[in-house]
Amino acid sequence: MRFIDSHGHLYREYYEGDLDAVVKRAIEAQVTKILLPCVSSLSLKDIFDAVEQYPQHLFPMIGLHPTDIPDDYETELALLEKQLARPNVIAVGEIGMDLYHDTSKLEQQKVVFEKQLRWAVERELPVSLHIRSAYGEAMEILRKFEGTRLTGILHCFSGGIQEAEWAIRHNFLIGVGGVVTFKNNKLQEIVKRVGLEHIALETDSPFLSPTPYRGTRNESAYIPIIAQKVADVCECSIEHVAEVTTANVERVFDLKAEG
């Protein structure tokens with residue numbers, strides 16, 4: 001049995017002092033691959049240092065997070081776009097739209113999101129999408145790319161069944177993390193409706209720890225806790241959850257399956 005954490009910020013920016021122990025715990029928990037999202041150019045050194053240290057386990061993505069957009073975003077985008085030439089970059093992410101706390105940069109978010117989606121289409125790379133309190137605005141932009149080969153994950157999925165069905169129709173996976181273990185959450189019903197073949201497991205470490213670790217720092221070693229809840233919801237074994245969700249991520253992100 002092996003798992004993939006499709007979204008974890010497992011680098012020294014968040015794990016200064018114990019990154020090695022955190023990665024080791026993940027591997028011991030059979031989480032053998034972890035996809036590392038980028039939020040801005042400030043993340044680059046830590047991400048690539050971590051990937052260099054654990055090239056068989058950590059895989060980098062490149063993107064500008066919607067809440068990290070600077071005033072001079074064109075310069076920032078140019079810097080990040082150059083990083084896409086690195087041979088080990090597997091995706092564009094995390095990118096998207098977020099209007100939860102602040103709507104003042106709505107227009108900038110739209111421009112930055114669309115530009116990064118074009119990067120993905122041009123390079124035939126999948127995307128890791130961050131959408132929070134902005135599904136209407138984000139879907140308006142995503143619809144421009146219908147008919148292309150755009151694919152990826154709706155990370156930390158917080159939409160409804162309509163958004164989930166859109167994702168399925170357009171070959172996107174639904175990112176399921178610690179929230180699925182919380183009481184009274186709608187994600188469990190989404191998981192039951194869409195089925196394992198459309199799901200990716202994630203932690204969003206160090207954020208959104210699953211129950212019983214809610215409120216503490218998250219880490220990739222907690223993926224089996226999330227997988228067990230998904231197994232309970234889908235009424236299947238955790239081994240089946242591991243097999244299907246791992247194959248999903250390997251397919252979408254073109255990761256070589258382990259023997």
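**Helices, cores and loops: how do we know?**

Modeller: Let's start with helix α10 (residues 238–252): it has 15 residues and reaches 21 Å from its first C-alpha to its last, close to the 21 Å expected at 1.5 Å a residue. This is a predicted model, where local features need pLDDT of at least 70, side-chain atom pairs count only at pLDDT 80 or more, and totals for chains, interfaces and linings use all residues. Residues are numbered from 1 along each chain as its sequence is written, and side-chain values use heavy atoms, leaving out hydrogens and water.

Biologist: What makes a stretch a helix, and how do you know what span to expect?

Modeller: Helices (H or I, at least four residues) and strands (E, at least two) are DSSP runs, numbered from the N terminus. The expected span is 1.5 Å times one less than the number of residues. Helix α5 (residues 106–123) can be checked in this way too: it has 18 residues and reaches 26 Å, close to the 26 Å expected.

Biologist: Which residues does Asn-248 touch beyond its close neighbours in sequence?

Modeller: Contact means heavy atoms within 4.5 Å. Not counting residues up to four places away in sequence, Asn-248 touches Leu-173, Leu-196, Glu-197, His-198 and Ile-199.

Biologist: What makes Glu-235 exposed?

Modeller: Glu-235 is in the loop between α9 and α10. Its relative accessibility is 74%, so it falls in the exposed class. The C-alpha atoms of Glu-235 and Lys-192 are 9.2 Å apart, although 43 residues separate the two along the chain.

Biologist: Which residues have the most contacts inside the largest nonpolar core, and what makes a set of residues a core?

Modeller: A nonpolar core is a set of buried Ala, Val, Leu, Ile, Met, Phe, Trp, Tyr and Cys residues joined through side-chain atoms within 4.5 Å. The largest one here has 76 residues, and Leu-117 and Leu-129 have the most contacts inside it. Helix α9 (residues 223–234) gives the largest share, six residues. Leaving aside neighbours within four places in sequence, the contacts of Leu-129 include Ile-95, Phe-113, Leu-117 and Phe-172. In soluble globular proteins, nonpolar side chains tend to be buried together.

Biologist: How do you know how α5 and α6 are arranged?

Modeller: Axes are lines fitted to C-alpha atoms, for helices over the stretch in contact, and angles run from 0 to 180 degrees between N-to-C directions. Those of α5 and α6 come within 10 Å and cross at roughly 40°. Angles under 35 degrees count as roughly parallel, over 145 as roughly antiparallel, 65 to 115 as roughly perpendicular, and the rest as oblique. That makes α5 oblique to α6. On the α5 side, the contact residues include Leu-106, Phe-113 and Leu-117, while Ala-138 and Leu-142 are among those of α6.

Biologist: What about α4 and α5: why do they get the name they do?

Modeller: Their axes come within 12 Å and cross at roughly 20°, so α4 and α5 are called roughly parallel to each other. Where they meet, Tyr-73, Leu-77, Leu-80 and Glu-81 in α4 face residues in α5 including Val-112, Gln-116 and Trp-119.

Methods:
Buried < 20%, exposed > 50% of the residue type's maximum accessible area, 1.4 Å probe, protein only.
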